[in-house]
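Colleague: Could you walk me through this model, one feature at a time? I would like the general idea of each term and then the case here.

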Amino acid sequence: MALVANFSFNPFQENTYIIHDESKECIIIDPGCYTENERIQLKQFISYNNLKPVRLINTHCHLDHVFGNRFCADTYNLSLEIHEKELQVLNSVPQVCQLYGIPLPDESPQPSRFIKVGETIRFGQTTLETLFTPGHSPGSLSFYCRDSQFVIAGDVLFHEGIGRTDLPGGDYATLINSIRSQLFVLPDETRVYAGHMQSTTVGHEKEHNPFLQ
């Protein structure tokens, strides 16, 4: 069974996820660790649980989701994987940091490969289905674990909220369509792990999310 560990990192309180299973292999999704203490926290969790990181993935490449890319890539000898439509977003991070007045700790490495829509992400005993969920950003991906009934949704769907669409590459109609066609078709009990705030379920959002009534 796949287990999900999350950490709230950086000034944006972004959720970084480590997914692991009985094999002790794990993947790191959206490492937002910004400070040295946050890096230590991530590293200690991996070490304490005797985990072996085997993949580094971004759901999308806004600054708060990529602050720790370089640290994770260098520490665990990992190559970055993203959707190809996120490359421009990734490359704009240094300029966006300047606009926000936030120093960039380390520039992200370039991706080694692009994740294809419908691709299966495999590690250990776990498989994740890749869902294309643009709207918050042009190449947002979500990752669904059918066996363990959860989805890593990035900044697409939140607890009674949705991702913002006023950033470059965002589009409200596209986002709503992504949620309805990719996430709301999953079983109601599916746990939704979002890029910010607490987790929720598909069923709860169908019933209570004011943006989707």
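Modeller: We will go through strands, pairing, the core and then a few side chains.

Modeller: This is a predicted model, in which local features need pLDDT of at least 70 and side-chain atom pairs count only at pLDDT 80 or more, while totals for chains, interfaces and linings use all residues. Residues are numbered from 1 along each chain as its sequence is written, and side-chain values use heavy atoms, with hydrogens and water left out.

Colleague: How do I read the strand and helix labels, and what does pairing mean?

Modeller: Helices (H or I, at least four residues) and strands (E, at least two) are DSSP runs, numbered from the N terminus. Two strands pair if DSSP finds at least two bridges between them. Take β2 (14–20) and β3 (25–29): four bridges join them, and they run antiparallel. I19 stands opposite I27 in β3.

Colleague: How many residues lie between β2 and β3 in their hairpin?

Modeller: Four, and K24 in that turn has a positive phi of about 80 degrees.

Colleague: Which strand runs parallel to β3?

Modeller: That is β4 (residues 52–57), joined to β3 by five bridges. I28 has L56 of β4 as its bridge partner. From β3 the chain passes through helix α1 (residues 36–48) to reach β4, a right-handed β-α-β crossover. For handedness, point the strands away from you: the crossover is right-handed if the path from the first strand over the helix to the second runs clockwise. On from there, β4 and β5 (residues 80–82) are parallel too, with two bridges, and I57 is partnered by E81 in β5.

Colleague: Why is β3 described as largely enclosed?

Modeller: Burial is read from relative accessible area: under 20% is buried, over 50% exposed, and partly exposed in between (1.4 Å probe, protein chains only). Four of the five residues of β3 are buried, so the strand is largely enclosed by the rest of the structure.

Colleague: And how do I read a nonpolar core?

Modeller: In soluble globular proteins, nonpolar side chains tend to be buried together. A nonpolar core here is a set of buried Ala, Val, Leu, Ile, Met, Phe, Trp, Tyr and Cys residues joined through side-chain atoms within 4.5 Å. The largest one has 28 residues, and I18, I28, L42, I46 and L56 have the most contacts inside it. Among the elements giving two or more residues to this core are β1 (3–9), β3, α1 and β5. Helix α3 gives the most, with four residues.

Colleague: Which residues does I46 touch, beyond those up to four places away in sequence?

Modeller: With contact meaning heavy atoms within 4.5 Å, I46 touches I18, I28, L51, P53 and Y76.

Colleague: What is the strand order in the open sheet of six strands?

Modeller: The order is β7-β8-β9-β10-β13-β14, with mixed pairing. Its edge strands, β7 (120–123) and β14 (200–201), each pair on one side only. Strands β7 and β8 are antiparallel, with four bridges, and F123 stands opposite T126 in β8. Helix α6 (residues 172–183) lies across β8, β9 (141–145) and β10 (150–154), at about 140 degrees to β8. Such angles run from 0 to 180 degrees between N-to-C directions, using axes fitted to C-alpha atoms, for helices over the stretch in contact.

Colleague: Is T126 buried or exposed?

Modeller: T126 is buried, because its relative accessible area is 4%. D21 is buried as well, at 5%. A polar contact of 2.7 Å joins their side chains. That term means a pair of N or O atoms within 3.5 Å; within protein, one must be able to donate a hydrogen and the other to accept it, and residues adjacent in sequence count only if both atoms are side-chain atoms. D21 sits in the loop between β2 and β3, and its C-alpha atom is 5.9 Å from that of L3, 18 residues apart along the chain.

Colleague: Where is H159 found?

Modeller: H159 is in the loop between β11 (157–158) and β12 (161–162). With a relative accessible area of 25%, H159 is partly exposed. The side chain of H159 makes a polar contact of 3.3 Å with the side chain of Q198. Beyond residues up to four places away in sequence, H159 touches M197, Q198, T200, H204 and E205.
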